[in-house]
Amino acid sequence: MNVSETTVLITGAGGLLGRCLAERLRRTGAEVAELSHGELDITQEAEVQRRIESISPAFVINCAAATDVDRCETEQDWAYAVNESGPRFLARACGRAGAQFVHISTDYVFDGEKEGFYTQDDVPNPAGVYAQSKLAGEHAVLAETNGRCYIIRSSWIFGEGGKNFGSKVIGYARSGAKVKGVIDQVSIPTYAPDLAARIEVILERGAHGLYHATNTGPATWFDFARLALDLAGMTGVEIEPVKRADLNQAAPRPRNSAMRCLLSEHLGLKPLRSWREALEEFVRKKLI
């Protein structure tokens, strides 16, 4: 299907990826309906059904999620409402409306004990409520759609306006705050505009399935922070190397969650560029 000739509804459109997707798809000519959390609470099934019926999109891309990993540990009902029930309601409404459903998931569904790259052949084993609720959301979507959907796992998403460490590390350093970089957690930083572009390609191909969509090249947060500050001309700023356990966070994080996408390889999709190259573009735009 030519996405540029359709209407696309994005939920969670106020977030980093939602904004990038809206900008990307609108440039291709698609009609984009953006609903932030304040405009659509995906945990309210009747409202979800009503909005999808009224907009009548060809695609619904769900970027809404409870992503505060530590808050999820103490507010489990909230985590499951947003990360499991919400995607179920969206997928169900899409089925009734004849819309294609795209759900964004996470590398955290893996426990991190594997060496090397996780693929779709690896069985998820999430640790912590956030990860467990996200995997439950995947299962709910698959059940509602009989597998006729797109589930896209990504990792360490960063970009302009993001609320995460990757997006804000330069700002932290500029403010004079002490910058700490975790040295014992590995994944792949993923630039939101690159992820948005890959999602567009996936939808154009029309092959339902489970995708791992990231930039290339594993890294630690220390690696990421050091390169970001160096690119910003802040080579003299020290970064304190810390272990994840030193931060005393409520939720566990996988030690290694770097992913590789077997389905993309099967479809002949080229790997996304390295996170280092993407970070260079991000920093250059940020400095401008």
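Across the whole structure, 20 salt bridges are found, a salt bridge being a side-chain nitrogen of Lys or Arg within 4 Å of a carboxyl oxygen of Asp or Glu. The model is predicted: local features need pLDDT of at least 70, side-chain atom pairs count only at pLDDT 80 or more, and totals for chains, interfaces and linings use all residues. Residues are numbered from 1 along each chain as its sequence is written, and side-chain values use heavy atoms, with hydrogens and water left out.

**Stop 1: arginine 24 and glutamate 200**

Select arginine 24 and glutamate 200, whose side chains form a salt bridge at 2.7 Å, N to O. Arginine 24 belongs to helix H1 (residues 16–27) and glutamate 200 to helix H7, so the bridge ties together parts that are 176 residues apart in sequence. Helices (H or I, at least four residues) and strands (E, at least two) are DSSP runs, numbered from the N terminus. Buried means under 20% relative accessible area, exposed over 50%, and partly exposed in between (1.4 Å probe, protein chains only).

**Stop 2: glutamate 160 and lysine 286**

Next, select glutamate 160 with lysine 286; their side chains meet in a salt bridge of 3.6 Å, N to O. This pair links distant parts of the chain, with glutamate 160 in the loop between E6 and H6 and lysine 286 in helix H10, 126 residues apart. Lysine 286 is partly exposed, its relative accessibility being 23%.

**Stop 3: helix H10**

Now display the whole of helix H10, residues 275–287. Its 13 residues reach 18 Å from first C-alpha to last, close to the 18 Å expected at 1.5 Å a residue; the expected span is 1.5 Å times one less than the number of residues. The buried residues of H10 are Trp275, Ala278, Leu279, Glu281, Phe282 and Val283. An α-helix has 3.6 residues a turn, so residues three or four places apart point the same way. Against which elements do the buried residues of H10 pack? Their partners are strands E6 (157–158), E9 (190–191) and E11 (219–220), together with helices H6 (165–174), H7 (192–205) and H8 (221–231); contact means heavy atoms within 4.5 Å.

**Stop 4**

Select arginine 260 and glutamate 265, joined by a side-chain salt bridge of 2.8 Å, N to O. Arginine 260 is partly exposed at 40% relative accessibility, and glutamate 265 is partly exposed at 42%. Elsewhere, salt bridges that share partners join Asp194, Arg273, Glu281 and Lys285 into one network.

**Stop 5: asparagine 83**

Move to asparagine 83 in helix H4 (residues 76–97). This residue is buried, with a relative accessible area of 1%. Leaving aside residues up to four places away in sequence, asparagine 83 touches Ala65, Ala66, Tyr130, Ser133, Lys134 and Gly137. A polar atom of the asparagine 83 side chain lies 2.8 Å from the backbone nitrogen of alanine 66. The asparagine 83 side chain also makes a polar contact of 3.0 Å with the side chain of serine 133.  A polar contact is a pair of N or O atoms within 3.5 Å; within protein, one must be able to donate a hydrogen and the other to accept it, and residues adjacent in sequence count only if both atoms are side-chain atoms.

**Stop 6: the cysteines**

Finally, select cysteine 20. The structure holds zero disulfides, a disulfide being a pair of cysteine sulfur atoms within 2.5 Å. The closest cysteine sulfur to that of cysteine 20 is in cysteine 63, 9.5 Å away and too far for a bond.
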